[in-house]
Amino acid sequence: MVKYFLKRLQIEGFRGINNQGEPLDLAFKTDCVNSVFAANALGKSSTFEALAYAINGIVPKLERLPASDNPGGYYANRFHGTGTSTVSIILQPDDGSDDVAITVTRDPSGKRSVVSTSGFPNPEKLLHSLNTELALLDHELFLEFINDTPLDRGRTFSGLLGLSPLSEFRQVLEVLSNRRNLNTDLELVTLASLKTREEEDAHNIENNLRAAFRGFFSKEPGPSLDLEAIGKAAIDALNAVPVVAAAISVTSFVDVSFETIRNAVKKAEASNERDRLALILRHITALENLAPGSSEDDEKNKLRGSLEKRLAALAETRGALFHELYSVIQKLYDQDTWSDPLQCPACESKLHEPLPDQVTQRLQQYKDAESELKVIQDHWRTSRWPARLKSLEDSEAMGVAQTDRSHASLAALLGGLQPTLDGLDGAIACLDRLEAARQTKRRELLAEKEKLEKELPPSLVALTEQIEHASNLQQAIKKLRISIQRVADLTASLDLRSAWATFIENVSDEFAKAEVRLSTSKTTALETDYREMYKEVTKNPEIVPLLKKSDTSEELHLRLARFYGLSDLSAATLLPESYRNALAICIYLAAVLQSSSTARFVVLDDVTSSFDAGHQWSLMELIRTKIAYPANPNGPQVIILSHDSLLEKYFDTMETKTQWHHQRLQGLPPKGLVYPHTQDVNRLEDAARQQLLAGQTDLAMPLIRQYLEQKLLHVIRKLEIPVRLDFSIRDDRKMVGNCLETISGALDLHRRAGDLILDSGQIHDLETVYMPSLVANWVSHYATATGVSLSPYVLLGVLDSINKVTSCFMYPCKCEGSLQPRFYKNLTAKACGC
Amino acid sequence: VAGQFDFDEKKTAQENIEAFLSHIESANPALGPFLRKHLDKMVPLPDATKRSAARASFNGEIKKVLDAALVALKAKHG
């Protein structure tokens, strides 16, 4: 896969960089570490943001602003004449193919356009492929990584490992396999309740069928009911009675019209009393079928319990208007319209507790009330007693007037959005009244039946009763068939939907386990790298960090495998800030080395601000020697943005341009130009000479001090001259004196030992001319802060002495063909055989 | 879902997701294809305020598909 180095970046009209007509032009080298130094407010952050915008299309910091602050209005430089921002980059493929030049513009309306001036076919897609969590790293990112919850850290880390899409997909499956959601969306609980109710109904119908069978055939039916056989036997029995047979014109029992049979018998017997008896028998059966079921009280209690839970949940909330308010606040945070959790978005007052947490808690109360409403509605829908109430009111036998019927209004109340306990009590009272009326009515009908049976001839009574038993048997067979089919349909539907629920749960579980295995494997693969890096940066072998991946979730814990002899402790709790940051940086850098991104570069913005000089130095050395290309042949091109002056001193120590390419931003942003000044080895000397020649002694003196210090330290490093334990690298006025003292001491030691490699002329010049000159003209004045004003000519002489001191530690070398000055290996030997 | 599925470290995340969906379809040809077909409602994962609606929409589609399958089955077998 082709990867891309960042070769050049040009910026105009973006954020703090105006540069109208003359873009800030930063060239980066691919064969060494790049650094860009800028003092505060000189465009460093704007440079980082311009690159982020070119690649990602946004500046995260701006997108987190409240919408009321108009974040889109802060992309363009406020002083640029056209209001158009332009960021041009040149990417160099690492396979040696042609460079890709891409220009990204943002017009005053905020519209982004991307073109490739080198003719690359799909520049937007290429930029998108560079958009990984590892190309642009800043201090804030590391802080978040340390301070995140284990779950958020795990998800961030998935991104570092290139596993973000897997993490996202895992969350999708977790949402889809949530059992509570499945129960609601697929109506699993409702279906199960309906099925139970239908099975109970089928059981009751079967009992009615058995009673009608006994009445009609005067015998017990078998344990299993063969509806076809029963129907056939029944129609045969009816056909055996001539007056009845004459009224039957069909062959199937369920198609028999009992109204026709009744009319035929009525015509033959001409008796109104017989008609009345038939009606009474039908009504008695109907009323007996409407007797209460055994589960009714339990159903009522469940509904009451849910109602009380909902009312209690509602009492915890603050009403509909606050619900709207909380929803809006949550939306503000979700959409990053407002980002500060400790500031109210309405009145902007400071808060003690994070507002998103409070809002989530409040909204949960509304959700609890809402889910309990659903339970109430399901209870009302699936309970048998509301259906019995309706059947009682609708029953012809009960004779309830339309105006006295309550079921419709009760259903609207208890099955609707505002069910109440009063409504439930009213419904139960209504059912009780109907039940009492049913029992009274049944008793009256039974008494009337007894009276009629005495008045009518026994044969007619028997025939009438047989016909009504047959009619009941027919109704029961029809109902049982329907009920059995409904149970079968509900079972099939419930089984299929449950199969989906089980399926998606298994899918989610399998994906999560595979993701954990992959993530753990990749995390473990980084372990050696980040541990070695951490040790190198902190120089502390007593602390061994450990990234611990949860076996069952996405959580990632920052632990310490070893901490001064102790084991498995929390890193975030025990490590000081600089060590925590060092750990985050090392983990990110380890991830960068494993990255399969198309970005062959990493930009580090202000990542050492919490480090002291020693740790900064260690980190830079680590980057230069182990991380960055070309020292690491598979490593990325590293670009460091910094405003830390201590770091710039480190950059000064790089003796050749092949190791480090340093640029310094200068200028007067945000109105004026910003331009880079490339730092070469003579930067300090050149700058000091310019100031001295302009008569600016006061401005030249700090530069001379830096130059002298740099050169003397360079000699000490190159010749490996031992220093005292308390030799400080701190930037204080005694450093020059310390260096001179160290060098003089070492020279004296080796001269006395007789093994000094310097020739006699060099020793003489050093001891009698240059060193005394430096002490006399510099150390005794500036370095001791006596405040004596020195003339520019004296200081120019100091610069010469500095260079001559350095040359005294070099010898002519012919290894490269022509004679070149080369540092001795140490004070007793040359670096080669010349 | 039968057999342990493992992601391939050499593949991209998208390729691995694709491989996983194929594995699911192969392990459960009856239900697996429905997951892929309606995933566009949930991927990319909507933000928190829209997630419930997206999930309900996804499950609504699944419910429709399952109910239709039952109707077809009933029509075929009576």
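Two strands are taken to pair if DSSP finds at least two bridges between them, and helices (H or I, at least four residues) and strands (E, at least two) are DSSP runs numbered from the N terminus. By these criteria, an open sheet of three strands in chain A has the order β8-β9-β10, with antiparallel pairing. Its edge strands, each pairing on one side only, are β8 (543-549) and β10 (569-570) of chain A. The model is predicted, so that local features need pLDDT of at least 70 and side-chain atom pairs count only at pLDDT 80 or more, whereas totals for chains, interfaces and linings use all residues. Residues are numbered from 1 along each chain as its sequence is written, chains are lettered from A and ligands numbered from 1 in the order in which they are written, and side-chain values use heavy atoms, with hydrogens and water left out.

Within this sheet, β8(A) and strand β9 (residues 556-563) of chain A pair in the antiparallel sense over seven bridges, and A:Pro545 stands opposite A:Leu560 in β9(A). Helix α19(A) lies across β8 and β9 of chain A and runs at about 165° to β8(A); axes here are lines fitted to C-alpha atoms, for helices over the stretch in contact, and angles run from 0 to 180 degrees between N-to-C directions.

Helix α19 (residues 458-538) of chain A also packs against helix α21 (residues 577-594) of chain A at an angle of about 135°, with the axes 8 Å apart. This angle makes α19(A) oblique to α21(A), since angles under 35 degrees count as roughly parallel, over 145 as roughly antiparallel, 65 to 115 as roughly perpendicular and the rest as oblique. Residues in contact (heavy atoms within 4.5 Å) include A:Leu526, A:Tyr530 and A:Met533 of α19(A) and A:Leu583, A:Ile587 and A:Ala590 of α21(A). Helix α22 (residues 613-627) of chain A packs with α19(A) at an angle of about 140°, the axes being 8 Å apart, and α19(A) is therefore oblique to α22(A) as well. Among the residues that make this contact are A:Met533, A:Glu536 and A:Val537 of α19(A), together with A:Leu619 and A:Leu622 of α22(A).

A further antiparallel pairing, over five bridges, joins strand β5 (residues 100-106) and strand β6 (residues 112-116) of chain A. These strands form a hairpin with five residues between them, and A:Gly110 in the turn has a positive phi of about 95°; A:Val104 stands opposite A:Val114 in β6(A).

A:Arg282 is placed in helix α12 (residues 272-289) of chain A and, at 27% relative accessibility, counts as partly exposed, where buried means under 20% relative accessible area, exposed over 50%, and partly exposed in between (1.4 Å probe, protein chains only). With residues up to four places away in sequence not counted, A:Arg282 touches A:Arg262 and A:Glu468. The C-alpha atoms of A:Arg282 and A:Asn472, which lie 190 residues apart along the chain, are separated by 7.8 Å.

A search of the whole structure finds zero disulfides over all chains, a disulfide being a pair of cysteine sulfur atoms within 2.5 Å. The sulfur of A:Cys815 has its closest cysteine sulfur in A:Cys813, at 3.5 Å, which is too far for a bond. A:Cys815 is partly exposed at 46% relative accessibility, whereas A:Cys808 is buried, with a relative accessible area of 4%.

Overall, chain A has 28 helices and 16 strands, and buried residues make up 46% of its 834 residues.
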